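Here is a short walk through one structure. Start at the ligand, then move on to a pair of helices.

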Amino acid sequence: MKIQTKDLTLEEKLNLLSGETIWTTNQTNGKLKSIWMSDGPHGLRKLQDTSWGTWETTVEATAMPNLGLVANSWDKEMFYLMGSTIADDCIDNNVDVLLAPGVNIKRTPLCGRNFEYVSEDPFLAGTLAKEYIDGVQDKGIGTSLKHFAINNREYDRLFQSSDLDERTMMEIYFKAFEIALRAKPWTVMCSYNPVNGVYASENKKLLDTYLRKTFGFDGVIVSDWGAVHNRYKSLKATLDIEMPNSTVAFDNLKNAYDKGLITMEEIDASVERILTLIEKTENDKKKTTTTPTERHENAVKISSESMVLLKNEDNILPIKNGQSVAVAGMFANRPPYGGGGSAIVKTKYKEEPLSKLLKDKLPNSEIKAQTAYEDGVNKNFKLKEKILNAYGSDVSIVCVGNDSTIEAECFDRTTIKLLPHQINTIKELAKVNENTVVLLYVGSAVDVSDWIDDVKAVVLVGFAGEGVNESVSDILTGKVCPSGKLAETYPLTLEDTYSEDYMGNGGAELYSDGIFVGYRYYDASDAQVMFPFGYGLSYANFTYSDLEVVKTGDTDFTVKYKITNNSDIDAKEISQVYVKDVFSMVVRPEKELKGFSKDLIKAGETKTVEVKLDFSSFAYYSTAFDKWHVENGDFEILVGSSSQDILLKAKVNVSLPNETQQSNEWDV
Ligand code: GLC
């Protein structure tokens with residue numbers, strides 16, 4: 001018999017509004033199923049019991065590539081596959097809700113959790129996260145879209161308020177959530193930080209006015225773990241479940257109810273949503289479709305679709321069979337799978353050394369692997385071996401980057417440079433081998449300006465999960481043609497970013513950059529960047545042509561263009577469609593991403609690509625009209641292989657009759 005709100009006592013209802021343990025909801029005297037919630041965005045992190053647990057008591061699961069890397073695939077199918085694959089581990093381990101994905105905007109490369117997030121652009125972030133949610137929920141497992149909202153640093157994340165204007169919220173920081181909500185995530189997780197001075201967990205305008213009434217979210221709002229400061233105030237803000245279990249929540253709620261500070265109607269509204277969530281978890285869709293081996297294979301496929309070729313001077317990549325290769329850097333044998341914190345995953349997979357994987361794929365090549373690794377002892381001795389190996393090799397590979405002690409939840413980086421000894425290694429090895437290839441195992445943008453001119457090739461490997469070196473060796477040897485493009489800008493230096501090394505004052509941070517975040521900022525400031533948003537090279541080369549924009553409605557257009565693969569290898573190309581408002585009554589970014597397509601184009605083939613635009617492609621958020629607004633006039637449609645490599649342009653005119661456009665006094 002399905003339990004209904006009326007079947008529960010007041011005590012049972014109030015108990016239901018907080019977790020019973022760290023990971024589970026209240027079973028109300030056995031009347032209800034207890035829901036198990038577990039992290040994380042890059043694979044299941046479940047503890048063997050309901051305690052905070054330890055590494056030893058964490059169950060083993062597939063360590064998938066981090067979302068910060070997969071974002072560079074610009075591939076909806078890969079995001080769906082991420083979600084679907086992780087869902088199988090959830091099903092095998094009786095987890096009902098996966099606490100993912102995170103779509104907070106990458107406002108500064110310093111943010112410690114950027115490896116968990118998707119992009120600096122909300123359209124890309126929301127579009128891809130929607131697929132991830134569909135992938136998980138199509139298997140009968142719930143998700144928790146997080147962290148709502150404006151949580152863009154780890155520094156003082158529990159208390160420092162993010163202060164910003166409504167247009168910026170709507171166009172940048174809410175937009176990724178708004179788009180991802182189309183997948184109807186079963187839950188949304190509120191963030192720790194205050195927004196405009198009120199904790200997200202008790203911010204009624206944030207959770208009720210925006211999330212529920214504006215964006216139409218009717219699911220369960222769960223707190224971040226420990227984000228609730230006053231349970232009855234959070235109930236009034238329509239937060240449904242406080243996690244984890246609390247020793248004070250019941251009394252707080254009971255006292256508030258007795259004093260008339262909360263009503264039975266407010267209590268029942270949350271209880272109803274929780275009962276609906278429980279009902280959703282009791283479904284017959286929970287059937288795994290992959291074996292653990294296939295999950296591993298999915299991790300490798302996804303990461304190989306996501307890695308980015310940043311530099312390839314003289315086309316020294318891919319490495320040819322028979323060329324001698326030197327491999328240096330401890331990440332060649334012990335690559336980081338991901339960043340630190342709640343998103344860690346315990347995998348049973350044992351990584352193969354990159355040198356072995358290269359030998360398998362280059363049987364006629366001599367591969368010289370570094371044998372001793374920096375262990376804090378005499379690094380120079382180790383360096384000497386690396387130099388001897390590199391000297392005389394046809395190609396010298398250097399594996400560097402960050403690990404989970406540098407990029408993690410709870411703290412931000414203070415620099416975006418690599419560690420000094422890694423920079424030194426790159427420069428020393430480049431002196432003895434002009435064909436030096438740097439592999440970057442990093443979770444977010446790094447400053448490569450110290451050494452980029454000393455090396456011939458750079459591959460962004462990222463935090464790529466288990467089997468990372470399988471993907472890397474596939475790309476280095478050309479078995480896979482790199483197709484990733486950056487979902488975040490790589491600035492020249494930290495000083496070129498908007499907020500530089502500013503971390504906030506511990507009280508509040510004013511988002512004075514407004515809507516000018518990421519490429520929107522660099523376009524407006526004319527600041528040079530190292531690698532722009534949307535940038536990535538290939539072993540193939542493409543030309544774009546024949547742009548045609550067909551008007552199919554007042555603000556509906558089909559953008560058509562052709563891409564030719566001029567090489568002798570099949571390859572994928574990510575093309576991007578940006579929109580520019582030629583003249584506007586408000587300040588608007590130079591251009592904004594409003595469409596993209598990733599297409600496999602065979603050697604010598606020409607393919608026609610179509611991208612649809614609609615009202616949202618032209619609109620800005622008007623705080624004068626309190627609605628999205630499109631001004632009549634000309635817009636430019638910009639098609640590019642990156643945000644700074646615009647290859648085709650067209651102009652279109654939008655002329656909306658007044659009744660579908662707010663009238664402005666200058667209209668006669
Ligand atoms: C953490 C994180 C959140 C995670 C939760 C449970 O503090 O902010 O992303 O899902 O707590 O571990």
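An oxygen atom of the ligand sits 2.5 Å from a side-chain N or O atom of Asp39. That is a polar contact (a pair of N or O atoms within 3.5 Å). His147 has a side-chain N or O atom 2.7 Å from a ligand oxygen. For Tyr192, a polar side-chain atom is 2.7 Å from an oxygen of the ligand. On its own the ligand exposes 310 Å², and the protein buries 95% of that. These areas come from the Shrake-Rupley method with a 1.4 Å probe.

This is a predicted model: local features need pLDDT of at least 70, side-chain atom pairs count only at pLDDT 80 or more, and totals for chains, interfaces and linings use all residues. Residues are numbered from 1 along each chain as its sequence is written, and side-chain values use heavy atoms, with hydrogens and water left out.

Now widen the view. Which residues come nearest to the ligand? They are Asp39, Arg113, His147, Tyr192 and Asp224, out of 14 around it. A residue counts as near if one of its heavy atoms lies within 4 Å. The shell holds 5 nonpolar, 2 polar and 7 charged residues. Here Asp, Glu, Lys and Arg are charged; Ala, Val, Leu, Ile, Met, Phe, Trp, Tyr, Cys and Pro are nonpolar; the others, Gly among them, are polar.

Next, the helices (DSSP runs of H or I, at least four residues, numbered from the N terminus). H3 spans residues 76-92, and H4 spans residues 122-137. They pack at an angle of about 35 degrees, with axes 7 Å apart. Axes are lines fitted to C-alpha atoms over the stretch in contact, and angles run from 0 to 180 degrees between N-to-C directions. Residues in contact (heavy atoms within 4.5 Å) include Phe79 and Ile86 in H3, and Leu128 and Val136 in H4. The residues of this contact divide into 9 nonpolar, 4 polar and 3 charged.

Key: Helix = DSSP H or I, 4+ residues; strand = E, 2+ residues; numbered from the N terminus. Polar contact = N/O pair within 3.5 Å; in protein donor to acceptor, adjacent residues only side chain to side chain.
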